[in-house]
Amino acid sequence: LHTEMVIRAVVQAGVPIVLVLNKVDRLLCECKLPPNDAYYKLQHCVDSVNELVQQVSQGRYPKLNPAAGNVVFASALHG
């Protein structure tokens, strides 16, 4: 809900969006996800935010994509 509110405000202001996925190390260390599962979990997060951004912006914003440099991965302890 907070994420949706922030995205709406950013789109309304016309500010570029950068998605930060924090505590990525917890997927492997605490949740014990295999690397492939962690990848798909992160991809699902990016896809979900993209869906919301496209809906709110009516397609005016580019898709978030790590290759485009508008998605950042951060870790809690091991980074």
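Start by selecting S57 and V53: the side chain of S57 reaches the backbone oxygen of V53 at 2.8 Å. That is a polar contact, meaning a pair of N or O atoms within 3.5 Å; within protein, one must be able to donate a hydrogen and the other to accept it, and residues adjacent in sequence count only if both atoms are side-chain atoms.

Before moving on, a word about what is on your screen. This is a predicted model, where local features need pLDDT of at least 70 and side-chain atom pairs count only at pLDDT 80 or more, while totals for chains, interfaces and linings use all residues. Residues are numbered from 1 along each chain as its sequence is written, and side-chain values use heavy atoms, with hydrogens and water left out.

Stay with S57 for a moment. Is S57 buried or exposed? S57 counts as buried because its relative accessibility is 0%, and buried means under 20% relative accessible area, using a 1.4 Å probe and protein chains only. S57 has its place in helix α3.

Next, select V53 and show what surrounds it. Beyond its neighbours within four places in sequence, V53 is in contact (heavy atoms within 4.5 Å) with I7, I17, Q58, Y61 and L64.

Now slide along to V46, which also lies in helix α3. V46 is buried, with a relative accessible area of 4%. Which residues does V46 touch, leaving aside its neighbours within four places in sequence? They are L19, L21, L64 and V71.

Time to colour the largest nonpolar core, which has 17 residues. Such a core is a set of buried Ala, Val, Leu, Ile, Met, Phe, Trp, Tyr and Cys residues joined through side-chain atoms within 4.5 Å. I7, L19, L21, V53 and L64 have the most contacts inside this core. Two or more residues come from each of α1 (2-13), β1 (19-21) and α3 (35-57), and α3 gives the most, with seven.

Finally, zoom out and switch to a cartoon view. The C-alpha trace spans about 40 × 25 × 20 Å along its principal axes. Of the 79 residues, 28% count as buried.

Notes: Buried means under 20% relative accessible area, exposed over 50%, partly exposed in between (1.4 Å probe, protein chains only). Helices (H or I, at least four residues) and strands (E, at least two) are DSSP runs, numbered from the N terminus.
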